[in-house]
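Here's a quick briefing to read alongside the model. Have a look at the chain below, and then we'll walk through it topic by topic.

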Amino acid sequence: MPHVYVPVDDLYGFVNEPAKHYWVPRPTQPSPHLVNQAPDFHFFVELGLLVRSRRRNHNEASGLEDEISARLTKFGIPNHIARTGTARSSIKPEEWTISSELCIPPNPQDHRFGIKLVSPVMCFMERPESWQRAFRVVMDLLDRYFELMKSHSCFTHVHIVPHNGAWSLYQVKNLAKTALYFEQCLDSIMPPYRRKSVWAKSNRHNSYFRSLRSYECFDAIDSLPTFEDLAAVMNWCSGDSATGRALYGENNTDGLHEDFPHDAYRWSFANLNHLGGGHGTVEFRQPPGSTTAKEVITWVMLVGCLARLSCTHGSTLNPNEKGQLPGLREWLLWEAKRCHLPRRNLLEDLLHQEVQMHVRHGCVGMDADFISSDEENRLRQKLDDRNIAGEKYRHWFSQQ
């Protein structure tokens with residue numbers, strides 16, 4: 001299990017003496033008292049996939065979007081298409097949203113296009129069999145009429161927010177520390193290409209944290225006074241990185257090579273800035289594209305359980321200890337059982353498929369050394385892309 005910072009009087013009942021602190025292993029299970037304080041979460045998922053109709057009759061992405069929408073509508077699944085220039089009011093939090101995805105290179109000659117499907121906003125703990133069934137219905141339907149393919153640019157992004165629609169600073173700081181602490185563990189269950197992706201860069205090795213020791217990272221997070229400050233340091237990108245050069249050019253003129261916040265990290269806290277005051281989602285961006293309901297459900301279970309535990313136990317993690325996958329596995333599976341999640345075996349299978357990382361120490365997850373010209377163009381295009389996730393959250397929150 002993860003190691004935690006525990007007052008010795010809490011362990012042995014020395015209530016009349018000043019607290020002395022030692023680093024000790026946490027017991028096998030997290031404290032039920034603390035876990036009972038964990039919030040339920042609302043979530044939604046962005047699926048970025050390379051898609052082709054089984055009819056192979058579309059030469060433009062818009063035609064493919066129309067067919068996906070028509071197929072879902074025919075089977076009674078509420079949905080809408082979000083295209084550039086359409087009104088923001090068209091985004092409905094209770095419906096599936098369909099749009100083109102700019103970061104996935106298309107192949108029009110082969111009728112393949114990058115498509116983003118954004119799920120409705122769902123509740124993690126309340127009737128989990130309901131949201132799992134919803135993903136099975138939609139993914140099975142898509143598989144029947146379309147070919148869902150993966151590329152290195154495809155993704156599964158999971159957005160989470162506490163059930164009341166906003167984070168406390170304490171909660172989101174704990175999630176940030178948990179993300180840094182377990183980053184290498186989560187890397188080990190990812191395909192190698194998602195460990196060094198320009199679309200899911202390392203938070204631990206970003207421009208702000210990479211020169212700090214782990215305990216200094218934790219101290220820095222604890223000292224941050226606002227949500228905006230936390231979002232900035234978790235998503236801080238070097239102007240001299242491959243991403244910085246791709247976005248702002250090779251010539252360091254007019255201060256363009258200064259460091260800057262960028263949302264394409266494993267954990268993106270950028271959406272916390274849209275309404276301010278902790279109103280917004282935190283997004284886990286590292287998982288690869290999901291072509292089956294099993295894959296989607298597994299990633300949602302991982303993020304939901306990790307978020308619940310981090311909100312209560314993130315402050316007790318020992319930054320002087322290295323996060324270990326067996327401890328993370330036990331932590332998450334305990335929480336999945338406590339939440340009565342169906343199909344917990346999917347999460348267990350994921351957490352047992354560790355893939356060794358044969359790279360130099362400290363290099364995993366750092367920004368790519370080289371970005372292709374196509375990726376450069378797509379990074380620039382994404383700067384002006386429509387933030388469908390942010391719109392979906394705002395419409396959902398306005399209805400609460």
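Predicted model: local features only at pLDDT ≥ 70, side-chain atom pairs only at ≥ 80, totals over all residues.

**The chain overall**
- The chain has 14 helices and 13 strands.
- Of its 400 residues, 56% are buried.
- Take the contacts with a separation of 6 or more: 77% of them are between residues 24 or more positions apart.
- The accessible surface is about 17400 Å², and carbon and sulfur atoms own 49% of that.

**Helix H3 and what covers it**
- Ala61, Leu64, Glu65, Glu67, Ile68, Ser69, Arg71 and Leu72 are the buried residues of H3.
- Their cover includes E3, strand E4 (79–81), E5, E6, H4 and strand E8 (146–149).
- After H3 comes glycine 76, which has a positive phi, near 75°.

**Who E3 pairs with**
- E3 and E9 are antiparallel partners, joined over 8 bridges, and phenylalanine 44 sits opposite histidine 159 of E9.
- E6 runs antiparallel to E3 with 6 bridges between them; phenylalanine 113 in E6 is the bridge partner of valine 51.
- E8 is also antiparallel to E3, with 4 bridges, and methionine 149 in E8 is the bridge partner of leucine 50.
- Strand E7 (residues 122–123) is antiparallel to E3 too, through 2 bridges, with histidine 42 opposite cysteine 123.

**Aromatic rings**
- Searching the whole structure turns up 13 aromatic pairs.
- One of them is phenylalanine 43 with tryptophan 131, an edge-to-face pair with 5.2 Å from centre to centre and 80° between the planes.
- Why is that pair worth a look? Phenylalanine 43 is in strand E3 (residues 41–53) and tryptophan 131 is in helix H4 (residues 128–145), so the pair ties together parts 88 residues apart in sequence.
- Phenylalanine 43 and tryptophan 131 are both buried.
- These two also belong to one aromatic cluster, made up of Phe43, Trp96, Phe124, Trp131 and Phe135.
- Elsewhere, lysine 201 lies over the face of tyrosine 265, 4.9 Å from the ring centre.

**Leucine 302, buried in a helix**
- Leucine 302 is in helix H10 (residues 293–313), and its relative accessibility is 0%, so it counts as buried.
- Which residues does leucine 302 touch, once neighbours within four places in sequence are left aside? Its contacts are Leu186, Ile189, Phe284, Leu332, Leu347, Leu350 and Leu351.
- Glutamate 348 is 46 residues from leucine 302 in sequence, yet their C-alpha atoms are 9.7 Å apart in space.

**Helix H14**
- In helix H14 (residues 388–398), the buried residues are Ile388, Ala389, Gly390, Glu391, Lys392, Tyr393 and Trp396.
- They pack against E3, strand E5 (96–100), strand E6 (113–118) and strand E9 (155–162).

Technical notes
Residues numbered from 1 in each chain as written. Heavy atoms only, no water. Phe/Tyr/Trp six-rings, centres within 6.5 Å; stacked < 30°, edge-to-face > 60°. Buried < 20%, exposed > 50% of the residue type's maximum accessible area, 1.4 Å probe, protein only. Lys NZ or Arg CZ within 6 Å of the ring centre and 35° of its normal. Contact = heavy atoms within 4.5 Å. Areas by Shrake-Rupley, 256 points an atom, 1.4 Å probe, with all protein chains shown as cover. Pairing = 2+ DSSP bridges.
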